[in-house]
Amino acid sequence: MTDTTASTPARAGATSWLGKLEGKISWILLGLAGLALPLLDDSYIGVIAQRACIYWVLSAGLNLVVGYAGQIAIGWVSMLTLGAYTTAALAAGRVGAEWNPYLALAAGGVMGAIFGVIVGLPALRLRTFYFAMTTLGFATIVTQVALAWKDVTGGGVGTPGPTFPWPFEPGWGFYYFCFILAAVATWMTANIGSSRYGRALVAIRDAEVAAEASGIAKPKLLIMVFLLAGALGGVAGGLFASLQSYITPDAFTFEMSVLFFIAILIGGRGSILGPVLGTIILTALPEFAAPLVQWSTFLYAVLLLAIVLLVPGGIADLLDFKNRRPLTQHREIVPRTELLKRALDKTDGKHSIVLKDIALHFGGVRAIDGLDLEIRSGEVHGLIGPNGSGKTTTLNVISGYYRPKTGTMKLDGADMPFDQPHARASYRIARTFQTPRIVGAASVLENVMIGGTVHGQATFTEAMLSLPRNRRDEKLLRQAAMQALATVGLESLADVRADRLQHSELRFIEIARALMLRPAFLMLDEPAAGLSTEEIKRLGALIKAISREGTGVLLVEHHADLIFDICDRVTVLNLGKELAAGTPAEIRAHREVVSAYLGA
Amino acid sequence: MFASIISYGLAVGAVYALIGITYNVMFSASRVFSFTAGMLGMLGGVLGALFIKDWGINAVLGFVAVLACGAVLGLVTEILTVRPVLKNIEQHLYVLSTLAFALMIQQVTAIEYGTEAYPFPVLIPIDANSILAIVDQKFWLPVLACIVTIVGLEFLYRRTLIGRAFLAIAEDSYAARALGLPETRLRMASYALAGVIGTLAGFTGAQMLLAFIGNQPILNFYGFVPVALGGMGSNRGAVIGGLALGLFQQAANFLVGGIFAAVAVFAVFIVVLLLRPEGLAGASAARRV
């Protein structure tokens, strides 16, 4: 235990020069191989390499949609089709005058971006199958339209693809064009992946509710990603049209989508390098095993099924040796409350959240039935009551997940809107969950950094281009997260995958994540559940210390000892109504509470 | 023209409705949307043409054999692609596993049978002067199949014990298991049933849609649209939505051309999903936190 605490902060704080190189070495090798490929002087290999690069331009964007955001876009080939026909039709002068091929290619990208967003719209409200089906339906329809719209697409006969003039003329010039675009796409998506936007995407995928509570607005973020992925798909389509030199609707089979998809899944979700390798291998493999060509889609499908059933994490998971190293046994969580002063702003003056006459029904069940509640800064307010008395529901009303039927909710006297859970972070209201909502595949540090998403300044574009503001954001978030982890006593585990931790540690990680908001109010939903007596004691001290820094704490708990130890005021709920309210001493003496709930 | 819009539209709509019901039967049993629905529809046509036209099997026997193949494929779907991923259903891996399986079957069909659209044999020899010949059998066969399926399912669900057990699983599989219902076996039965309904749709519609491998993605999508619009799990919604979709598509085809029809259906699909994610007739979803 002791030696890990001593060494890890240094490791996580400043990565050594050698370590950085180690992480980049595969990229450097890949880049050199790509640059040196023309030396082989084999035009057949050149064509395969062009195809791999083009496919990767599309897959790079798709990787953000599928691998990071977890949206199952199975028909993304439609973006390739759109881009190809747009570029080809404009360059060939089928719509108005003949366009310059480079301009036509850009138009293909714009077209892809527009339709990427349109196809993505259902994903903003619905997940999974509906979105998968929309992309599939769109792919079907685009092909139908391509067949029927003869003036522009040439129908079944097809249309010639564009030929790019100097400097990227057909041959190795065109190869370099594809290679450069693939490299740029990789660079941009890798930047997104490692920025707070990438972490937010993964959070939406694995812990959507927690992402919202951290202030991540899913629709806004997904639209940006669909825009980018659509644009990259469109550009890839334009290049594809040029590579094919003549395109017909048959060239864009749904099976191509499967190739893109499997490349990403084989590589592993939430990785950039893995899907690159996956794309290269899958593109090249059938070329070198000619008898396989006919069966290639079948084999891809078998591969897809095998991955899903056997290694859902992909190759990246299999190769993740770092996280196979055993963790120290018998770890102890020792919060360092003295660090709180730096983690929280000492709130000046008094703030309050006031609930008045809140009522909420689920069908015929009255979950909350006319509740008044006031949470003040600097105090720990306990909320207790038997199961089903409306404690968690109250918390969910405050954090915007439920809209009550009647009642008002005011923050410092001003109305606070119901709904909009993602807007709570901007009021600096943070929360934890009854069952910890953690991104298991991300490291502990990344999980905590998610909590500070709203403090980032850089826009999506700045993050994509890794501009200074984004790098500053990253540095600040990393520092703040290390500090929050140190405060709850888990800094030694910063680099560990979160799903390897034990339950009690997850509870403290949630608190660290909540602290990232520098919350004015902190709502804890049964934070002591599943903790040992010793851990509960430390948790109590931590909560008390947080409130003494000026944060208002709402504590939903079943452990009566913890409640009476640290609360300044207690409200007892029963059947959605207030049964009693007052200081712990008053509650302990309250006859009804004792008989109904506390017993003894 | 009006008559052909109606007859063609209702017939195609009935096929869509049956594929929608196929989705529903699998969904009710497992909360899984399976991409195998369109595959079953496609196979109904291809296998029917293969058995009856190419191998010269008697039409009735061929029909039974096609449905039996559907049932077997339904069972394989359940065992191979659904059961292993049910434990973590919130990860929605079934989307990929069922898609992979459907693609495997599609590819085998493409290689072994061919990618062209082949004609489907006339099933029932009807005298040109008979009353039945007023409307071509390729139009009334799918409608008849749709009616038989609905009546049959209604009878199964309302009047038989096993049907009630299906409903119990659909309502709350956890509670149903606690009551001692054999959930796994009922789920397998549901998938076999879905296999039968899916191939029935393809078989009866094949004189119109042909024995064509390209029907798979088309049926997958257009069979899903009525389910999405009518609310998942609702067979009534699937039938009404399916017939409406078929009529709308054919009317648009005849009046303004195919591009518009395809684009309009897609636009309606997206708009409804955005405005009413639970479908026009569905109930809203449960709590998240």
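The end C-alpha atoms of residues 25-41 of chain A are separated by 26 Å, and the span is 71% helix and 0% strand (helices are DSSP runs of H or I with at least four residues, strands runs of E with at least two, numbered from the N terminus). The model is predicted: local features need pLDDT of at least 70, side-chain atom pairs count only at pLDDT 80 or more, and totals for chains, interfaces and linings use all residues. Residues are numbered from 1 along each chain as its sequence is written, while chains are lettered from A and ligands numbered from 1 in the order in which they are written.

**Exercise 1.** Determine how residues 128-149 of chain A are divided between helix and strand.

Solution. The stretch is 91% helix and 0% strand. Its end C-alpha atoms are 31 Å apart.

**Exercise 2.** Describe the packing of helix α4 (residues 77-91) and helix α5 (residues 101-125) of chain A.

Solution. Step 1: the angle is about 145° and the axes lie 8 Å apart (axes are lines fitted to C-alpha atoms over the stretch in contact; angles run from 0 to 180 degrees between N-to-C directions). Step 2: the contact residues include A:L82 and A:G83 of α4(A) and A:A104 and A:G108 of α5(A) (contact means C-beta atoms, placed from the backbone, within 7 Å). Step 3: the contact comprises 10 nonpolar, seven polar and no charged residues (Ala, Val, Leu, Ile, Met, Phe, Trp, Tyr, Cys and Pro count as nonpolar, Asp, Glu, Lys and Arg as charged, the others, Gly among them, as polar).

**Exercise 3.** List residues that A:V57 touches, not counting those up to four places away in sequence.

Solution. Among them are A:L181, A:A185, A:L232 and A:L239.

Terms used. Two residues are in contact if their C-beta atoms, placed from the backbone, lie within 7 Å.
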